[in-house]
Amino acid sequence: MLGFILLLPLEGVGDIRTTTQTMTANISPYGKLSVPSNVSLRSSGTRFEGSLAGNFTVSYWARTSDVGGGSITVQGSSEFSPAGGPSIGSVTYLCSGATLGIGCSGSQTLATSTQTPVVTLQSGACTGGGSPCSTQEPNTVLLTLSSQNKPHYKTGTYSAQITFTISTL
Amino acid sequence: MKRNMLLSIATAVLAITPAAFGNDSTLGITVGPEATFTTVASTTALTKSDTTFAAYSGTTPFSYKIRTSQSNGTGSITVQVTTFGTGGPAVADLAYTCTAPSSGIPCSSSTAASTTVATSVVGFGADAHSADTADSGSAVWTLQDRTGIKTGDYSSTATFTISAT
């Protein structure tokens, strides 16, 4: 009977291999926003001295491509109900303090037929984390809404739905 | 066995895909009763054209905006005066009639002025509305000329108040 002795080296032979692996990350433009479920406008007095006014903050998260951009818009989804009070077209708003992008310029008027601007997002814009993105997270913009206070409006509470949309590219 | 794996991120693929996200909010507007004067004549001269003790007269025009509640709302324009001063006419001899547009009901007849209570000029019911640009009314004053009044100039302050509920 023959015996074989398999001799193994006490130390392994060095074995260095290099491999290259390609990893892809699909970074898409992204947008999300949050608004209060209810926004109230009311007179600050009882002598028609001011408009029916209120303000609220729109919070948003955004990422746009280097060649893209984006926007936040608002549109009236319905007219005020019941009838006898203000109309969507009587409501104007100002945008201030946008922490990412550029807030709307001057007084804007709400409409049911078209989206009106709130914030314009530049290319390469992104929320949070600091440079090159914003330091704030979420980003915010303050909207100040007002409607003329007309004597012919009947007293009561009127409501309408408005829709905010953030689009990124 | 020592194995080194070199991971290399060769490419980051940027996919440019439009993205949109929407969120709704209910916009509520509360409209309450309000009232204000837009103009009230700052002075009203009581004059007369004769010298036979006929009454003095003058008109105080005013403009106002008003909106009263749809249910159980009311509103009013009232006036209260001060005395003319020593030797002058008596407030008891001062009265007025009123004019107002359809948004309100003017005082029904000649109303005696008072230094102690505010007296009605225009009354408003529920769901009353002036024009958006304001309505106009007036108080037409009459002051009896008594022989006992000393000659001279006299003045009284008439305070108009408008309110709405």
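Strand 5 of chain A runs antiparallel to strand 7 (residues 108–109) of chain A, and 2 bridges join the two. Two strands are taken to pair where DSSP finds at least two bridges between them, and the strands themselves (E, at least two residues), like helices (H or I, at least four residues), are DSSP runs numbered from the N terminus. Within this pairing, A:Thr92 stands opposite A:Thr109 of strand 7. The model is predicted: local features need pLDDT of at least 70, side-chain atom pairs count only at pLDDT 80 or more, and totals for chains, interfaces and linings use all residues. Residues are numbered from 1 along each chain as its sequence is written, while chains are lettered from A and ligands numbered from 1 in the order in which they are written.

**Strand 5 of chain A**

Strand 5 of chain A also pairs with strand 9 of chain A, in the antiparallel sense and over 6 bridges. There the bridge partner of A:Leu94 is A:Thr144. In a regular strand the side chains alternate between the two faces of the sheet. A residue is called buried if 20 or more other C-beta atoms lie within 10 Å of its own, exposed if 12 or fewer do, and partly exposed in between, with C-beta atoms placed from the backbone.

**Nonpolar cores**

A nonpolar core is a set of buried Ala, Val, Leu, Ile, Met, Phe, Trp, Tyr and Cys residues joined through C-beta atoms within 7 Å. The largest one has 36 residues, and A:Val58, A:Ala62, A:Ile72, A:Cys95 and A:Val118 have the most contacts inside it. Two or more residues of this core come from each of strands 3 (52–63), 4 (70–76), 5 (91–96), 8 (116–121), 9 (139–147) and 10 (156–168) of chain A, and likewise from strand 1 (19–31) of chain B. A second, separate core of 21 residues includes B:Phe62, B:Leu94, B:Ala128 and B:Ala164. Contact here means that the C-beta atoms of two residues, placed from the backbone, lie within 7 Å. Not counting residues up to four places away in sequence, A:Ala62 touches A:Tyr30, A:Leu100, A:Leu121 and A:Ile166, among others.

**Where the chains meet**

The contact between the chains takes 63 residues from chain A and 47 residues from chain B. Strand 1, strand 2 (34–40) and strand 3 (56–67) of chain B each supply at least two residues of the side that touches chain A. Strand 1 of chain B gives the largest share of that side, 13 residues. By class, the side of chain B that touches chain A has 22 nonpolar, 17 polar and 8 charged residues; Ala, Val, Leu, Ile, Met, Phe, Trp, Tyr, Cys and Pro count as nonpolar, Asp, Glu, Lys and Arg as charged, and the others, Gly among them, as polar.

Strand 1 of chain B pairs with strand 10 of chain A in the antiparallel sense over 13 bridges, and in this pairing A:Ser167 has B:Ala20 as its bridge partner. A:Ser37, in the loop between strand 1 (30–34) and strand 2 (38–43) of chain A, is in contact with B:Ser25 and B:Thr26, leaving aside its neighbours within four places in sequence. A:Ser37 is exposed, because 9 other C-beta atoms lie within 10 Å.

**Chain B**

Chain B has 0 helices and 10 strands. Of its 165 residues, 25% are buried. Five strands form an open antiparallel sheet in the order 2-3-9-5-7; strand 2 and strand 7 (111–112) stand at its edges with a single partner strand each, so one side of each is left without a neighbour in the sheet. Another open antiparallel sheet has 4 strands in the order 6-8-4-10.

| Antiparallel pair in chain B | Bridges | Bridge partners |
|---|---|---|
| Strand 4 (residues 75–81) and strand 10 | 7 bridges | B:Gln80 and B:Thr159 |

**Confidence**

The model scores ipTM 0.82 and pTM 0.82. The mean pLDDT of chain B, where pLDDT is the predictor's confidence in each residue from 0 to 100, is 90, and 90% of its residues reach 70 or more. Over residues 1–15 of chain B pLDDT stays under 50.
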